[in-house]
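This report concerns the arrangement of strands and helices in one protein model. Please consider the sequence and the coordinates below before reading on.

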Amino acid sequence: MEYRFGLIGYPVTHSLSPWIHSEFLQKAGVNGSYTLYEIKPDDTFDNKMEELKRENLNGFNITSPYKKTIIPYLDDLDKRAEAIGAVNTVVNENDKWVGYNTDGDGYLRSLTSVFPSVLTAVNKKIVILGAGGAARAILYTLFEQGFKNIDIANRSILSAVELKNAYNMKNTRTLSLLDAERTLGEYDIIIQTTSVGMGISEDEKIVEVNNLPNSSIVSDIIYKPVKTSFLQQAEKSGAQIHYGHSMLLYQAQYAFELWTGIRVPLEKMELDLLKKLEG
Ligand code: ATR
């Protein structure tokens, strides 16, 4: 059998997914390909979906800005993707497109690959910085996993409150970024989910990090740069850090698993991806 996978989004030309999935295919010992389908903002999405249906792929990923746009084109939606309200993976199940979201699971898998004890430490105090799509996926997965003490800090308090209400999270506090900055030391796990610190805003930090206990874990889901200014500061201030490229790999691992039933081991690939990202 020859698997055919792909990615839709805009832009997608610099995506690491073709490299990741061809490595997976090779490691899993199966044949296949992974093709980029760029859908430009002025393309008619309807027509593009008709073309994609005709391609009859075994599965495909969806990246920005189409993770919500894809939903009406699906035949079925996994419960988790429905709750998150975004789809990053479609599986072709008997000619039906079924939508999943592997972002939250990918995050949790990546975090627990480095810190396995977190999985059972559901009483840990967690703060999520940001209230966008990535925050939503991660928050839902953590909540589903049994973590109850999760606060949300965001520039727009309204978005943080909306997110809290969407999941009916009674214990959750919503904070301004300034309040979060002042109280970071109270949290066991700090998860940075915004785009601040990525690419051209490389020198920026969503909040300043000072004096964290060395038991605290600080995650940043940004993977370019690998070690964001936020992570650098967190490390200096005494915390243990968790990198974004690891989430990138694990969300892809889960997507590949949904398509093929094979869970590819990632240990060595993390290092290869790191080298690729660092050029
Ligand atoms: P994604 O789907 O990748 O998570 P998103 O939905 O656009 O992206 O969410 C972006 C997040 O980054 C939001 O939490 C946003 O804060 P607001 O809700 O206040 O807009 C946050 N964000 C983006 N740029 C920011 C900035 N310069 N300062 C603070 N927060 C920022």
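**Basis of the description**

The model is predicted; local features need pLDDT of at least 70, side-chain atom pairs count only at pLDDT 80 or more, and totals for chains, interfaces and linings use all residues. Residues are numbered from 1 along each chain as its sequence is written, and side-chain values use heavy atoms, with hydrogens and water left out. Helices (H or I, at least four residues) and strands (E, at least two) are DSSP runs, numbered from the N terminus.

**The six-stranded sheet**

Six strands form an open sheet in the order E9-E8-E7-E10-E11-E12, and their pairing is parallel. Two strands are taken as paired if DSSP finds at least two bridges between them. Strand E9 (174-175) and strand E12 (240-242) are the edges; each has a single partner strand, so one side of each lacks a neighbour in the sheet.

Within this sheet, strand E7 (residues 126-129) and strand E8 (residues 150-153) run parallel and are joined by 4 bridges. Contact here means heavy atoms within 4.5 Å.

Both faces of E7 are covered: Ile126 and Ile128 on one side, and Val127 and Leu129 on the other, are all buried. Buried means under 20% relative accessible area, exposed over 50%, and partly exposed in between (1.4 Å probe, protein chains only). E8 is likewise covered on both faces, with Ile150 and Ile152 buried on one side and Asp151 and Ala153 buried on the other.

**Strand E3 and its partners**

Strand E3 (residues 59-62) has both faces covered; Gly59 and Asn61 on one side and Phe60 and Ile62 on the other are all buried. Strand E1 (residues 2-9) pairs with E3 in the parallel sense over 4 bridges, and Ile8 has Ile62 in E3 as its bridge partner. Strand E5 (residues 89-93) runs antiparallel to E3, to which 3 bridges join it. In E5, Thr89 stands opposite Asn61.

**Two helix pairs**

Two packed helices are described by the angle between their axes and the distance between the axes. Axes are lines fitted to C-alpha atoms, for helices over the stretch in contact, and angles run from 0 to 180 degrees between N-to-C directions.

| Helix pair | Angle | Axis distance |
|---|---|---|
| H4 (residues 103-114) and H5 (residues 133-144) | about 65 degrees | 7 Å |
| H9 (residues 244-260) and H10 (residues 267-278) | about 120 degrees | 10 Å |

H4 is thus roughly perpendicular to H5, whereas H9 and H10 are oblique to each other. Angles under 35 degrees count as roughly parallel, over 145 as roughly antiparallel, 65 to 115 as roughly perpendicular and the rest as oblique. H4 passes H5 in a right-handed crossing, and the crossing of H9 and H10 is right-handed. A crossing is left-handed if the near helix is turned anticlockwise from the far one by less than a right angle, and right-handed if clockwise.

Ala, Val, Leu, Ile, Met, Phe, Trp, Tyr, Cys and Pro count as nonpolar, Asp, Glu, Lys and Arg as charged, and the others, Gly among them, as polar.

For H9 and H10, the contact is made by His245, Ser246, Leu248, Leu249 and Tyr250 of H9 with Met269, Glu270, Leu273, Leu274 and Leu277 of H10. By class, the contact of H9 with H10 has 7 nonpolar, 2 polar and 1 charged residues.

**Two individual residues**

His21 belongs to helix H1 (residues 17-28) and counts as buried at 1% relative accessibility. Leaving aside residues up to four places away in sequence, His21 touches Tyr34, Asn61, Ala252, Phe256 and Trp259.

Val122 lies in the loop between H4 and E7 and is partly exposed, with a relative accessible area of 24%. Val122 and Phe147 are 25 residues apart in sequence, yet their C-alpha atoms are 4.4 Å apart in space. With residues up to four places away in sequence not counted, Val122 touches Gln145, Gly146, Phe147 and Lys148.
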